[in-house]
Amino acid sequence: MIQFLPGKLFHCKHELNMDTSMPFPFEWITCAEERISPHINVTPLTFDKGLGIYLKWENQQVTGSFKARGAFNKVLSLDTWEQQKGIVAASAGNHGQGVA
């Protein structure tokens, strides 16, 4: 079970809505978008009528994948003392590029 913690942990101006029908507060998504938007490319979302699916073109990020989104969000949500200690990425692939 996820325990929701208030306030500064999320470095976000939004109040958390504790709607238990959601797996996590929607505000987490909003806060993450606010943190990472200055650092990532806006990528297109298209719809393939033949397949009936949406495609998000994250291969147009600098790293070639969506991994930069998660890496930026994590690094930017760290407390100052955590940032000062530095981070390590154990990846030689897209995640490592996103962290770099």
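Modeller: The structure is a predicted model, in which local features need pLDDT of at least 70 and side-chain atom pairs count only at pLDDT 80 or more, while totals for chains, interfaces and linings use all residues. Residues are numbered from 1 along each chain as its sequence is written, and side-chain values use heavy atoms, with hydrogens and water left out.

Biologist: What pLDDT does the protein average, and where does pLDDT stay under 50?

Modeller: The value called pLDDT is the predictor's confidence in each residue, from 0 to 100. The protein averages 79, and 80% of the residues score at least 70. Over residues 1-9 pLDDT stays under 50, and the model has 11 contacts beyond four places in sequence for them. Where pLDDT is low, the predicted coordinates should not be read in detail.

Biologist: How many helices and strands does the secondary structure come to, and what makes a run of residues count as one or the other?

Modeller: Both are DSSP runs numbered from the N terminus, a helix being H or I over at least four residues and a strand being E over at least two. By that rule the protein comes to 4 helices and 2 strands, and from the N terminus on the elements run α-β-β-α-α-α.

Biologist: How do you know that strand 1 and strand 2 pair, and in which sense?

Modeller: Two strands pair if DSSP finds at least two bridges between them. Strand 1 (residues 45-48) and strand 2 (residues 53-56) have 4 bridges, in the antiparallel sense, and they therefore meet the requirement of at least two. Thr 46 has Leu 55 in strand 2 as its bridge partner, and Asp 48 stands opposite Ile 53 in strand 2. The hairpin of these strands has 4 residues between them, and Gly 52 takes a positive phi near 70°.

Biologist: What does Pro 44 touch, not counting residues up to four places away in sequence, and which label does its relative accessible area give?

Modeller: Pro 44, in the loop between helix 1 and strand 1, touches Leu 55, Lys 56, Trp 57 and Gln 60 beyond four places in sequence. Its relative accessible area is 33%, which means that Pro 44 is partly exposed.

Biologist: What makes a space a pocket and a residue part of its lining, and which residues line the second largest pocket?

Modeller: On a 1 Å grid over the protein atoms alone, a pocket is an open set of points where a 1.4 Å probe fits, with protein on both sides within 12 Å along at least five of seven lines, and lining residues have an atom within 4 Å of a point. The lining residues here are Ile 29, Ala 32, Glu 33, Ile 36, Ser 37, Ile 40, Asn 41, Val 42, Arg 69, Gly 70 and Asn 73. Helix 1 (26-36) and helix 2 (67-76) are the elements giving two or more residues to this lining, and helix 1 gives the most, with 4 residues. About 190 Å³ of space lies in the pocket.

Biologist: Why is Glu 33 given its accessibility label?

Modeller: Glu 33, in helix 1, has 47% relative accessibility and therefore counts as partly exposed. The C-alpha atoms of Glu 33 and Asn 73 are separated by 8.3 Å, although the two residues are 40 residues apart along the chain.

Terms used: Contact means heavy atoms within 4.5 Å. Grid points are joined across faces, edges and corners, and a volume is the space filled by probe spheres set on the points. Buried means under 20% relative accessible area, exposed over 50%, partly exposed in between (1.4 Å probe, protein chains only).
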